[in-house]
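Please look over the sequence and the model shown here before reading on.

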Amino acid sequence: MFAPRMKDIKMSGIRKMFDLAGENAIHLGLGEPDFQPPENAINALKKAVDDGCNKYGATPGMPGLRDAIVEKEKRYRKDLTRDNVVVTAGGTEALMASVFTFIDKGDEVLIPDPGFVLYGPQVRLAGGKPVRYPLFEENGFVPKIEDMRITGKTKAIIVNSPSNPTGSVIDEKTIKAIVDVAEEKNLLIFSDEVYDEIVYEGKHHSFMGKYDDLIYVNSFSKIYAMTGWRIGYVMAKEEYLREIAKMHYYTMACPPTPIQYAALEALKGSQDYVKKMVTEFKRRRDVIVDEINKIKGFRCLKPKGAFYAFPSFTFNISSEELAMRIAASNVIVTPGTAFGQNGEKHLRLSYANSLENIKKGVEIIGKVVEGLR
Ligand SMILES: Cc1ncc(COP(=O)(O)O)c(C=O)c1O
């Protein structure tokens with residue numbers, strides 16, 4: 001009855017732990033900021049709805065919004081125009097439309113492991129074969145070319161910086177190395193940069209402007225805490241974008257109209273909102289990393305971006321089992337294996353929660369593992 005492509009496609013393991021915890025559980029499992037969107041964006045959304053902006057719009061998105069996105073992204077590449085942007089339903093649809101535009105039966109696509117949960121299933125749904133490249137703690141979870149299994153069938157490399165789940169940030173030298181290999185082997189690069197503004201040390205390095213055969217994905221979800229509004233975008237050279245736009249049309253028709261007004265307002269308004277959020281996340285990051293490292297048996301690198309800590313542990317237990325025991329004590333964390341086999345012996349802790357809850361949550365984790373040593 002079901003199409004064969006659905007075989008072996010499972011729901012993401014990220015939410016599995018949610019069902020195990022009680023109502024008052026402390027959530028260190030959330031993949032979204034615990035803030036509300038900027039007030040000016042909320043008001044723009046209300047106004048757009050009241051003004052009757054509730055109809056279909058242009059398939060690639062409102063010209064005004066695409067122009068504003070171009071203005072922003074000129075930080076990475078000066079010759080962009082609105083023909084290089086399609087506004088999508090979040091980074092999720094941006095990635096799906098792009099993968100479906102380029103990947104077909106037999107194509108191999110390199111994806112990070114541990115890496116965000118969308119990449120593998122999206123590649124498989126398109127008929128391709130995800131080939132995982134490991135990210136190691138000892139390398140700060142930054143990819144190494146020698147860990148990428150490039151074959152004659154490799155069509156694309158998916159990269160993600162800052163990374164979910166590790167919080168690592170890809171440095172300029174590694175970007176150059178990946179671009180050089182992609183150029184030599186004639187590969188596409190899909191770069192997922194939805195956390196680009198959430199970086200705590202130094203600055204974000206983009207793949208944009210470094211490679212022509214690039215599909216660049218970004219989103220308003222994390223930066224403006226509007227995950228539920230489902231708005232993001234994909235950028236690429238015009239000939240690529242024209243094809244991606246077709247896939248987007250047959251999936252979405254167009255991005256949601258009133259939400260585009262809100263996103264435009266968020267871009268045009270003061271960016272102090274983003275700065276404040278990043279400052280708060282940094283404060284929490286420093287606390288969560290310190291607190292986890294106080295627990296014997298855990299080791300946590302300081303994540304450079306996003307809002308996740310990805311500690312490793314030495315207890316003789318799988319990451320799923322450990323996450324389940326922690327959930328039984330009413331703290332939700334995500335097992336590292338939800339992001340691939342290389343996530344084993346790791347937990348992902350989101351610090352998109354109050355300092356108080358972070359401290360309480362980590363204290364409970366400390367108690368849970370006392371019996372495991
Ligand atoms: C690395 C990464 N990429 C893409 C997404 C998709 O985000 P959205 O579709 O809300 O833009 C997420 C969300 O968690 C993410 O963590």
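Predicted model: local features only at pLDDT ≥ 70, side-chain atom pairs only at ≥ 80, totals over all residues.

Residues are numbered from 1 along each chain as its sequence is written, and side-chain values use heavy atoms, with hydrogens and water left out.

Around the ligand there are 14 residues, of which Gly 91, Thr 92, Asp 192, Ser 219 and Lys 222 come nearest (a residue is near if one of its heavy atoms lies within 4 Å). By class, this shell divides into 4 nonpolar, 7 polar and 3 charged residues, where Ala, Val, Leu, Ile, Met, Phe, Trp, Tyr, Cys and Pro count as nonpolar, Asp, Glu, Lys and Arg as charged, and the others, Gly among them, as polar.

A nitrogen atom of the ligand lies 2.5 Å from a polar side-chain atom of Asp 192, whereas an oxygen atom of the ligand is 2.5 Å from a side-chain N or O atom of Lys 222.

Turning to the backbone, the peptide bond from Asp 113 to Pro 114 is cis, with omega near 5°, and the bond from Ser 161 to Pro 162 is also cis, with omega near -15°. Ala 253, although not a glycine, has a positive phi of about 70°; at 24% relative accessibility this alanine counts as partly exposed, that is, between buried (under 20% relative accessible area) and exposed (over 50%), using a 1.4 Å probe and protein chains only.

Key. Polar contact = N/O pair within 3.5 Å; in protein donor to acceptor, adjacent residues only side chain to side chain.
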